[in-house]
Structure formats: C-alpha cells, structure tokens
Amino acid sequence: MSIQTHHAHRASVGKYITGFILSVILTLVAFLSVMLHWIDGWSISAKVLLLLCLAIIQMTVQIIFFLHLNEGPDANWNIGTMWIAIVCVFIIIAGTWKTMQYLNYNMMGGSGRVTHSEVIYYPTSISEEVENSVPEIDKSIIDGSTLISPE
Amino acid sequence: MTVTAVETTHVAQHHCGDASIKIFGFWIYILQDLFLFATLFANFAVFSSAYDGGSVGKDFINLPFVIFETFFLLVSSISYGFSIVKMYSNNLKATRFWLQITFVLGAIFVGMELYEFMHLIHEGATPSVSAYWSAFFVLVATHGIHVTGGLIWMACMFVHLSCHGLNADNRVRLICLSLFWHFLDIVWIGVFTVVYLLGAL
C-alpha cells in the first residue's frame with residue numbers, strides 16, 4: 001500500500017493522453033512528409049535532419065509523459081543516469097558513423113559509400129557462369145553414360 | 001503510538017525504499033539495454049548502403065504497413081499507461097483489462113513484424129544476402145525479441161495478478177514492466193525513423 005500512496009501523484013490519464021496525442025502528431029508528420037512527398041524538394045541532409053529531429057522530439061515527449069522519470073524519490077538519479085547513457089549512446093553512434101565515413105573516404109576514393117554500384121554486379125555474374133557451365137557438365141555425364149553403356 | 005503501529009510504519013518505509021531501489025535497478029538495466037540498441041543502430045548506419053549487389057532495402061519498404069505497426073505499438077504504450085493509472089487506484093479488474101489490451105496490441109505488432117520478415121525472406125532478402133540485410137534483421141529482430149519478451153512477462157503478470165492481486169511485489173513488477181514497454185516504444189521511434197523513413201528517402 002505504501003507504494004501506492006507514495007506514487008499516487010505520478011500517473012494521470014491526462015498526462016498519458018497528452019503524450020499520446022503529441023506522439024501521434026509527430027509520427028504522422030514524419031511518415032506523411034515522406035509518404036506524401038512534402039519534402040521532396042529538400043536536400044538530402046535537410047530531410048535527414050528533419051526526420052532525426054522529429055524522432056528526438058518524440059522520444060523526449062515519451063520520456064517526459066510516459067516514463068515519469070522526473071518525479072518520485074529517485075528523480076535525480078533517474079535523470080542523471082539517463083544523461084550519462086545518452087552521452088555514451090551519442091559517442092557510440094556518432095563515433096562509429098564518423099570513423100567509418102572517414103575510413104570509406106580514404107579507402108574508396110571519396111564516395112563515402114561502403115560499396116560501389118559498379119562492384120555490385122559480381123555475385124550475379126558468377127551465378128550466371130555457374131548456370132552456363134551446368135549444361136556442359138550434363139553433356140559430359142550423358143557422353144560418359146553413352147560410352148559406358150556399350151561396354 | 002503502539003509498538004505494532006511503529007512496526008507497521010517501519011515495514012512500510014522499508015517496503016517503499018525497497019521498491020524504489022528495485023525500480024531504479026531496473027532503470028539501470030534499461031539504460032544498458034539502450035547501449036545494445038545503440039551499437040546495433042551504429043552498425044545499421046554504417047552498413048545502410050552496403051547491398052553487395054543484392055536486393056536494395058528501399059524496394060521492400062512498405063511505409064503504410066510500418067505506420068500501422070507504429071500505431072499498434074503506440075496505442076499499446078498508452079493502454080499500458082491506463083493500466084498503471086488503474087493500478088494506482090487499486091482497481092484490479094481494470095488493471096487487468098488494460099493489460100490484456102496491451103498484450104493483444106503487442107501480439108499484433110509482433111505478428112506484423114514476423115509477417116514482414118517472412119515476406120522479405122520469401123522475396124529473397126535474407127540476412128545472408130548483404131551487410132545491409134544482416135544489419136536490418138539484427139536491429140529489427142532484436143527489437144521484436146524484446147517485445148516478445150515483454151509479452152511473455154505480461155503473460156506471467158496475469159498469473160501473478162490472479163494469484164496475489166495488487167500486492168506490493170506485483171506493483172513493483174507492473175511498474176518495471178511499464179518502464180520496459182515504454183522503452184521499447186521509444187526504441188521503435190528510432191527504428192522506424194532510421195530504418196524505414198531514412199531508408200525510403
């Protein structure tokens with residue numbers, strides 16, 4: 001019972017509804033701007049920036065309205081640990097991305113891509129060669145069998 | 001103040017501290033789970049154009065399908081919130097009702113994700129095709145496995161609730177599960193933005 005009295009102020013329907021409505025709006029803006037081609041005229045970096053900003057805003061909305069971290073006895077610990085985690089996550093993602101971009105830039109003549117579209121054809125051509133070589137193998141087997149059968 | 005009264009207050013305080021430490025410990029677990037997802041997101045970002053001649057991710061992205069998935073998970077998040085509100089008002093029946101709604105919506109989400117995977121594998125986009133598809137399947141499936149874990153936990157909660165009702169232990173479990181469930185919804189925002197929306201550009 002003590003938990004109930006202690007945290008009674010924590011959750012309210014209104015807060016969840018507010019968070020839900022904001023999340024729905026942010027989700028719809030993100031999806032519809034891509035699906036209905038609202039941002040087709042933008043540069044690729046502007047599009048990426050817009051979508052990432054919408055995602056970060058929605059994450060913040062859900063942390064505030066759904067997780068209720070800034071309330072209760074451990075509020076400071078919750079928020080403090082979360083900030084450390086966010087900094088680490090940023091280092092992991094941005095650091096990996098930046099390092100690999102730099103690596104690709106040096107390795108691939110500055111395309112910044114992990115694979116070139118020219119390289120892409122390889123596996124298909126190998127499989128075509130295999131397919132082409134199959135009839136020859138079949139012929140030799142047939143030839144062999146015809147040779148063997150009279151013997 | 002009688003001796004028993006002092007003892008009950010003591011027990012109550014002890015329980016309260018115990019509960020908040022458990023919830024904080026679970027929060028630490030969630031943050032380390034976040035690191036797992038961070039590494040997978042970094043992995044996906046690096047390999048986001050490494051198709052190696054296989055199927056290109058953009059051809060398989062079905063945004064209307066993903067928007068339905070997103071809304072099922074979002075509505076399940078808020079229905080879990082209602083369950084917690086009912087828990088605070090000591091309404092076992094309503095708590096269980098909203099938990100069931102959450103379970104059904106979560107199960108629909110997992111079902112849709114499995115359908116999507118079956119469809120992709122059927123079309124030839126398997127994890128072994130290229131680094132992109134490996135990263136895609138690892139990231140999205142790790143999230144899906146977490147949601148499945150949440151569903152199993154919820155199924156256990158139904159048993160706990162029917163055995164002991166809304167006692168102190170079950171309250172802590174419900175609060176921890178709510179943190180987990182909302183966390184999965186937050187990770188899904190990252191997944192649909194990075195994998196599906198940025199992939200469809």
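Student: Among the contacts in chain A with a separation of 6 or more, what percentage is accounted for by residues 24 or more positions apart?
Tutor: This is a predicted model, and in it chain A has five helices and zero strands, which follow one another from the N terminus as α-α-α-α-α. Of the contacts in chain A with a separation of 6 or more, the part that belongs to residues 24 or more positions apart is 57%.

Student: What percentage of the 201 residues in chain B is made up of buried residues?
Tutor: For chain A, which has 151 residues, the buried part is 28%, and the chain exposes about 9,800 Å², with carbon and sulfur atoms supplying 71% of that area. Chain B exposes about 8,100 Å², of which carbon and sulfur atoms supply 70%. Of the 201 residues in chain B, the buried ones make up 53%.

Student: How much area do chain B and chain A bury between them?
Tutor: The size of an interface is often given as the accessible area lost when the parts come together. Here the contact draws 57 residues from chain B and 53 residues from chain A. Carbon and sulfur atoms hold 82% of the buried area, and the total between chain B and chain A is about 5,000 Å².

Student: How many residue pairs are in polar contact across the interface of chain B and chain A?
Tutor: Salt bridges can be set aside for this interface, as the count between chain B and chain A is zero. With both residues of a pair required to be at pLDDT 80 or more, the number of residue pairs in polar contact across the interface is four.

Student: Which helix gives the most to the side of chain B that touches chain A?
Tutor: Three helices of chain B, H1 (3-46), H2 (63-88) and H5 (168-200), each supply at least two residues of the side that touches chain A. On that side of chain B, a contribution of 18 residues is the most that any helix gives, and it comes from H1(B). The residues of this side divide into 42 nonpolar, twelve polar and three charged, and the helix asked for is H1(B).

Student: With which residue does Asp18(B) form a salt bridge?
Tutor: Side chains of opposite charge can pair when their charged atoms come close. The structure holds one salt bridge over all chains, and its two residues, Asp18(B) and Lys22(B), both lie in helix H1 of chain B, four residues apart, about one turn of the helix. Asp18(B) is partly exposed at a relative accessible area of 31%, and Lys22(B) is likewise partly exposed at 40%. With the closest N and O atoms 3.9 Å apart, the partner of Asp18(B) is Lys22(B).

Student: Is His68(A) buried or exposed?
Tutor: His68(A) lies in the loop between helix H3 (44-67) and helix H4 (75-107) of chain A, and its side chain joins that of Tyr16(A) in a polar contact of 3.3 Å. Because its relative accessibility is 6%, and the cut-off is under 20%, His68(A) counts as buried.

Student: Near what value is the phi of Asn90(B)?
Tutor: Most residues other than glycine have a negative phi. His37(A), in the loop between helix H2 (13-35) and H3 of chain A, has a positive phi near 60° and counts as exposed at 52% relative accessibility. Asn90(B) is placed in the loop between H2 and H3 of chain B and counts as partly exposed at 38%. The phi of Asn90(B) is also positive, near 60°.

Notes: Residues are numbered from 1 along each chain as its sequence is written. Chains are lettered from A and ligands numbered from 1 in the order in which they are written. Side-chain values use heavy atoms; hydrogens and water are left out. Contact means heavy atoms within 4.5 Å. Buried area is the accessible area (1.4 Å probe) that two parts lose on being put together, summed over both. A salt bridge is a side-chain nitrogen of Lys or Arg within 4 Å of a carboxyl oxygen of Asp or Glu. A polar contact is a pair of N or O atoms within 3.5 Å; within protein, one must be able to donate a hydrogen and the other to accept it, and residues adjacent in sequence count only if both atoms are side-chain atoms. Ala, Val, Leu, Ile, Met, Phe, Trp, Tyr, Cys and Pro count as nonpolar, Asp, Glu, Lys and Arg as charged, and the others, Gly among them, as polar. Buried means under 20% relative accessible area, exposed over 50%, partly exposed in between (1.4 Å probe, protein chains only). Accessible areas come from the Shrake-Rupley method with a 1.4 Å probe; for residues, only the protein chains shown count as cover.
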